[in-house]
Amino acid sequence: MPTIVNRQDPRFEIAHRGHNLRFPSAEADGAGRVEYCETAEDAAEALQKVLDAGLRPTVRSSGHCYEDFVVNNPNGAILDVSMLNQVSSGPGGAPPYQVQPGAMLGNIYQEFYKRANVVLPGGTCFTVCAGGHISGGGYGILARLNGITVDWLSSVDILTVDANGRVVPRHVDKKHDPELFRALRGGQGSNFGLITNFTFDELPPAPSELMQAGISFDWSSMTPDKFVNILMTYGNYWEKHDQNKETWGLFGYMGLNNKSSGRFGISATFTNPDGTVKDLSVINDFLDCFQKCKPIAEAPPGYSSHAAPGRDRGAGMRPPPGDSVCYGGHVMTKNAWITAASDGSGNGIGGGSRAKYKSAYMKKAFTEAEALALYKMLTDDRSRGLIVAVDSYGGATNNPERASDTSIPQRSSVMKLQYQSYWQDASEDEFRLKGIRDTFTAAYSTPVADQAHLGTPYPNDHYEGCYMNYPDVDMTKYDDWRDLYYGTGELYPLLQRVKKTYDPHNIFHHTMSVRA
Ligand SMILES: Cc1cc2nc3c(=O)[nH]c(=O)nc-3n(C[C@H](O)[C@H](O)[C@H](O)COP(=O)(O)OP(=O)(O)OC[C@H]3O[C@@H](n4cnc5c(N)ncnc54)[C@H](O)[C@@H]3O)c2cc1C
């Protein structure tokens with residue numbers, strides 16, 4: 001039976017919020033109750049009762065959603081499936097591998113490691129949960145090596161709501177409700193129903209060890225030329241090596257902080273395709289590329305693309321545990337794969353900060369004009385507190401076949417950018433939001449941007465849009481904003497068809513949901 005936390009309950013204050021404390025936008029926008037569901041049957045019962053009571057359901061697994069999709073639900077009900085969190089396999093670690101939506105990524109990595117020495121190629125934050133993460137795509141440090149999470153997904157159990165308002169449990173895969181299955185492979189689960197389970201018939205082997213290293217640059221001695229050189233060197237590496245399989249075990253992160261933070265850095269995480277770090281030539285070659293840019297130091301390794309300073313591990317604040325050794329002139333830290341995977345950032349229930357995010361996929365290296373646009377903004381106080389995280393991408397993710405059987409059409413990119421700003425005080429909202437918005441607009445208004453869609457990474461030769469798991473409601477001001485997330489091909493019409501068929505009353509909706 002679901003546990004109901006209503007406004008009178010002392011747990012309500014925490015229960016009705018997510019991690020992004022900007023939401024609910026106002027108390028009146030908040031949900032009226034939270035229902036914690038421990039089993040798929042609980043979830044079906046709770047969903048039916050909420051519908052019968054005429055309330056709007058929103059679904060939550062961890063509450064990490066960047067935007068208001070779950071929490072802004074005036075007087076409605078949040079169905080929380082964080083306790084529906086089993087991770088399992090067949091006997092003796094045999095497939096299939098099952099993940100319930102409330103399972104945290106860190107627990108999934110540990111369970112599959114112990115059971116079968118396999119890995120779900122997913123994100124870096126321990127406490128992000130499967131429900132939203134997998135249905136929105138899911139990527140992390142093994143993406144170049146193994147692709148993204150939905151590339152491995154075999155079936156999904158989901159509760160949909162039919163035209164009569166009845167809850168319908170479905171098991172969907174390539175043969176059963178195939179279009180719905182494709183929609184759930186990256187199209188974002190909260191468009192179509194409540195997911196109760198994910199199944200993977202096969203998963204790649206877990207690496208046994210990882211090497212981590214980093215370098216940093218001093219803002220005080222930075223010049224525009226030097227900055228351009230660093231960004232172009234970084235981008236050129238990923239563009240040049242996109243189809244070089246020997247490098248696919250290398251993941252790079254460039255954390256471009258505002259000048260006031262003192263320095264910015266690049267970190268690298270590496271395992272060879274055989275899961276060992278016996279041969280370090282790839283990571284050494286990568287780090288060597290930057291010697292001409294004169295880094296001031298070997299940075300503490302372990303920059304995290306998603307860490308909120310002051311709350312999580314923080315961008316580059318704490319190196320992961322492990323043995324630090326000097327290899328080929330670079331200081332590196334060696335770890336067992338599972339140790340590094342279990343060290344991810346993020347917090348659990350409650351806590352959090354106010355935050356805003358934006359994203360962009362890049363098919364090519366930075367141009368001089370793009371780098372200069374970023375330099376101009378990051379050296380200006382107007383973008384104080386901003387972090388532009390530039391992750392490597394591509395490799396195995398750029399498998400064109402997956403563009404037609406998943407809902408992640410971005411299969412030609414070599415970098416994925418995430419703009420992030422975190423703050424505590426609501427009085428800073430206007431300043432912080434303007435800083436991140438202006439920087440983003442400037443970055444995508446250079447000559448390589450689609451001239452009809454300036455201010456956005458609209459799909460063209462240079463860009464490939466944005467990532468649905470990093471949703472940004474600002475984009476909805478553009479008429480063609482859906483192209484940013486779902487591409488310009490047949491995917492969005494398919495998602496509309498799925499929406500019409502499986503959610504005819506548009507029960508599952510939010511600011512950026514699919515509209516039939
Ligand atoms: C600290 C942090 C680190 C992150 N790191 C990464 C990363 O490394 N890689 C990456 O790809 N992304 C990353 N993300 C983004 C993350 O993948 C998305 O925020 C994701 O949607 C979170 O899913 P959730 O279930 O944990 O969160 P929730 O807030 O619970 O849900 C997010 C969305 O998914 C929907 N949803 C959740 N559960 C279900 C369900 N059972 N059925 C249907 N819909 C559901 C919700 O309604 C909501 O729209 C990170 C986010 C944060 C805050």
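**Sheets, domains and backbone features of a predicted model**

Me: In what order do the 5 strands of the antiparallel open sheet stand?
Reply: This is a predicted model, in which local features need pLDDT of at least 70 and side-chain atom pairs count only at pLDDT 80 or more, while totals for chains, interfaces and linings use all residues. Residues are numbered from 1 along each chain as its sequence is written. Strands (E, at least two residues) and helices (H or I, at least four) are DSSP runs numbered from the N terminus, and two strands pair if DSSP finds at least two bridges between them. In this antiparallel open sheet, the order of the 5 strands is E5-E6-E9-E7-E8.

Me: Which strands form the edges of that sheet?
Reply: An edge strand here pairs on one side only. This applies to two strands, E5 and E8 (167-173).

Me: Which residue of E6 is the bridge partner of Ser88?
Reply: E5 and E6 pair in the antiparallel sense over 2 bridges. The bridge partner of Ser88 in E6 is Gln98.

Me: How much of the protein reaches a pLDDT of 70 or more?
Reply: pLDDT is the predictor's confidence in each residue, from 0 to 100. Its mean over the protein is 93, and the share of residues that reach 70 or more is 93%.

Me: How far apart are the C-alpha centres of domain 1 and domain 2?
Reply: Domain bounds come from an automatic or database domain assignment. That assignment gives domain 1 as 3-80 and domain 2 as 87-206 + 497-502. The distance between their C-alpha centres is 22 Å.

Me: Which element gives the largest share of the side of domain 1 that touches domain 2?
Reply: The contact takes 13 residues from domain 1 and 18 residues from domain 2. On the side of domain 1, the largest share is 6 residues, and these come from helix H2 (residues 40-52).

Me: How many residues on that side of domain 1 are nonpolar?
Reply: Ala, Val, Leu, Ile, Met, Phe, Trp, Tyr, Cys and Pro count as nonpolar, Asp, Glu, Lys and Arg as charged, and the others, Gly among them, as polar. The side of domain 1 that touches domain 2 has no charged residues and 4 polar ones, while its nonpolar residues number 9.

Me: What angle does the direction of H2 make with that of E4?
Reply: A mixed open sheet of 4 strands has the order E1-E2-E4-E3. Within it, strand E2 (residues 33-36) runs parallel to strand E4 (residues 77-80), joined by 4 bridges. H2 packs on the sheet, touching E2, E3 and E4. With axes as lines fitted to C-alpha atoms, for helices over the stretch in contact, and angles from 0 to 180 degrees between N-to-C directions, the direction of H2 makes with that of E4 an angle of about 170 degrees.

Me: Is Ala130 buried or exposed?
Reply: A residue is buried if 20 or more other C-beta atoms, placed from the backbone, lie within 10 Å of its own, exposed if 12 or fewer, and partly exposed in between. Ala130 lies in helix H4 (residues 130-135), and Ala103, 27 residues away in sequence, is 5.8 Å away in space, C-alpha to C-alpha. Because 30 other C-beta atoms lie within 10 Å of Ala130, this residue is buried.

Me: Which residue does a cis peptide bond join to Phe23?
Reply: The omega of this bond is about 0 degrees. The partner of Phe23 is Pro24.

Me: What is the phi of Gln188?
Reply: Gln188 is found in the loop between helix H6 (178-184) and strand E9 (194-200). Gln188 counts as buried because there are 25 C-beta neighbours inside 10 Å. Although Gln188 is not a glycine, its phi is positive, at about 85 degrees.

Me: Which residue in E16 is the bridge partner of Tyr253?
Reply: Tyr253 is one of the residues of E11, a strand with both faces covered. E11 and strand E16 (residues 386-392) run antiparallel, joined by 5 bridges. In E16, Tyr253 has as its bridge partner Asp391.

Notes. Contact = placed C-beta atoms within 7 Å.
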